[in-house]
Amino acid sequence: MDFKSAGPVLLPTLGSASISAPECGSHASAGSEGLSGLPAGFPSQLGQGTFAWTGNQFDDGGLHLVYHLAESDLLEIQRGKDHFKSLELDGNLVDRTNFPLPTLGPKLDEFSQDIYNGKGLCVIRGINPEEYVVEDLTIIWLGIQAYIADQRGCQDHRGNMLVHIVADNSSEMKLGHHRHSTSAISFHNEEAGDVIAWLTRSTAAAGGKCIVSSAYTIYNVLAAHRPDIIRTLAKSDWPVALPRFQCRPLLFWHDSRLILNFGRTPLLGSPAHPRPSHLPRLSERQREALDAVEAVARAAQLEIGTLPGDMHFVNNLAVLHRREGFVDGESALQKRHLVRMRLRSTRLGWDIPEDLRDEWRGAFDADAYQTWHLEPMPGDAFPLRKYTN
């Protein structure tokens, strides 16, 4: 089995007592503050069969996640890579016009549609990283993803396009940083990017699964049982500290689509990113809402066992993700190494709410400076990402 669900969705014990108002507002119960029902315009339920899935629906439940590359696909990828290299272009210029995949390409187009308008995720499996030098492996990675989404976003203020997620215990600061930690991570979205993509170069000796959960399923459960929490998530009083301070909603109903965008670090701080003391703190009501999202997400989650060479593509607007804790081995082949990218399709990309547009502009600005590091940068002099969820 490639993946494992957490079982049927059961409503967690979320509590029913009155919830305090934000610290910056008047103190009132959820009912008196008008938080007892769904926000105006939000649907009572989101339709099944699209993004509203649970982990136990995959594989035996009829939904399919992993596409296994056939020998003919691998030969076509090899030819596409050789054709691109024959053009003697810079590696970052890979696109679908110079990396031809005449048979596999239409299948990847279908996966792109499914990521944007269906399940919201897929895994491409079958590339063996040991068969390629890192330059060729990266060209293949960029070539395949060009058929999923054609725009690539920078991921920090230095213009880094590739973020290397590897364990690093060389300092307390790095141990507290999600990118370098071996600890489990709670559910979140990245702050920008329609699609978050990972290439797995190598896996840990134990643990390290990618775990995902549908924001649409989370919404349906909370809308049915705790609509006040939906209303809390949709209020514009969440004091998000990173990558810049702003008060905004975490949950949007925009252009007839549900969008969830949050992470605990920008709201609560972390050892690597302590929250400035002068910024507003979360109210009890807001903390309960975060815990409710996490609880329902875990009840509906899908665990994906990862193999070297796997390419994950996850809709960052409709699907939450987290990481299982892991232990690296002694050999390089037993040390977890993921290469993450942010993507957007000019053809299928969703309209982005105004509160989130600055982050999307910063990531996908065509004139932004870009730098491509094929390996993790050593030391602390060149952080690959200024902020993380």
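A salt bridge here is a side-chain nitrogen of Lys or Arg within 4 Å of a carboxyl oxygen of Asp or Glu. Keep that in mind for several of the stops below. One more thing before you click: this is a predicted model.

**Stop 1: the whole chain**

Start with everything on screen as a cartoon. The protein chain has nine helices and 17 strands. Now colour by burial: of the 389 residues in the chain, 55% are buried.

**Stop 2: a buried pair**

Select Arg 226 and Asp 228 and show their side chains. They meet in a salt bridge, with N and O 2.7 Å apart. Are these two partners buried or exposed? Arg 226 has a relative accessibility of 9%, so it counts as buried. Asp 228 comes in at 10%, so it is buried as well. Both values fall under the 20% cut-off for burial.

Next, pick Lys 119 and Asp 114. Their side chains also form a salt bridge, this time at 2.4 Å from N to O. Lys 119 is buried because its relative accessible area is 13%, and the limit is 20%.

**Stop 3: the charged network**

Side chains of opposite charge can pair when their charged atoms come close. In this model the count of salt bridges comes to 22. To see a linked set of them, select Arg 244, Asp 351, Glu 354, Arg 357, Asp 358, Glu 359 and Arg 361, which are joined in a network.

Zoom in on one link of it, Asp 351 with Arg 357. The closest N and O atoms of this salt bridge are 3.4 Å apart. How accessible are Asp 351 and Arg 357? Asp 351 is partly exposed, at 37% relative accessible area. Arg 357 is partly exposed too, at 25%.

**Stop 4: Arg 248**

Now go to strand E10, residues 246-248, and select Arg 248. With a relative accessibility of 6%, Arg 248 is buried. Show its surroundings, leaving out residues up to four places away in sequence. What does Arg 248 touch? Its contacts are Lys 235, Ser 236, Asp 237, Trp 238, Val 240, Asn 261, Asp 355 and Leu 356.

- Trp 238 sits ten residues from Arg 248 in sequence, and the two C-alpha atoms are 5.4 Å apart.
- Asn 261 makes a polar contact with Arg 248, side chain to side chain, at 2.8 Å.

Cys 247 is partly exposed, with a relative accessible area of 40%. For contrast, jump to Cys 154, which is buried at 8%.

**Stop 5**

Rolling a probe the size of a water molecule over the atoms shows where empty space is left. The structure has two cavities of 30 Å³ or more, and the largest cavity holds about 110 Å³ of space.

Which residues lie nearest the centre of the largest cavity? They are Glu 191, Val 240, Leu 242, Arg 248 and Asn 261, out of 17 lining residues. Arg 248 and Asn 261 are the polar pair from the previous stop.

Now colour the lining by element. E10 and helix H9 (354-364) each supply at least two of the lining residues. The largest share, three residues, comes from H9.

**Stop 6**

Finish with the backbone. Most residues other than glycine have a negative phi, and most peptide bonds are trans.

Select Glu 88, in the loop between helix H1 (71-86) and helix H2 (104-117). Glu 88 has a positive phi of about 55°, although it is not a glycine. Glu 88 is exposed, with 73% relative accessibility.

Then select Asp 255, which is in the loop between strand E11 (251-254) and strand E12 (257-260). Phi of Asp 255 is also positive, near 55°. Asp 255 is exposed, with a relative accessible area of 53%; the cut-off for exposed is over 50%.

Definitions and conventions:
Residues are numbered from 1 along each chain as its sequence is written. This is a predicted model: local features need pLDDT of at least 70, side-chain atom pairs count only at pLDDT 80 or more; totals for chains, interfaces and linings use all residues. Side-chain values use heavy atoms; hydrogens and water are left out. Buried means under 20% relative accessible area, exposed over 50%, partly exposed in between (1.4 Å probe, protein chains only). Helices (H or I, at least four residues) and strands (E, at least two) are DSSP runs, numbered from the N terminus. Contact means heavy atoms within 4.5 Å. A polar contact is a pair of N or O atoms within 3.5 Å; within protein, one must be able to donate a hydrogen and the other to accept it, and residues adjacent in sequence count only if both atoms are side-chain atoms. On a 1 Å grid over the protein atoms alone, a cavity is a set of points where a 1.4 Å probe fits but cannot get out, and a pocket is an open set with protein on both sides within 12 Å along at least five of seven lines; lining residues have an atom within 4 Å of a point. Grid points are joined across faces, edges and corners, and a volume is the space filled by probe spheres set on the points.
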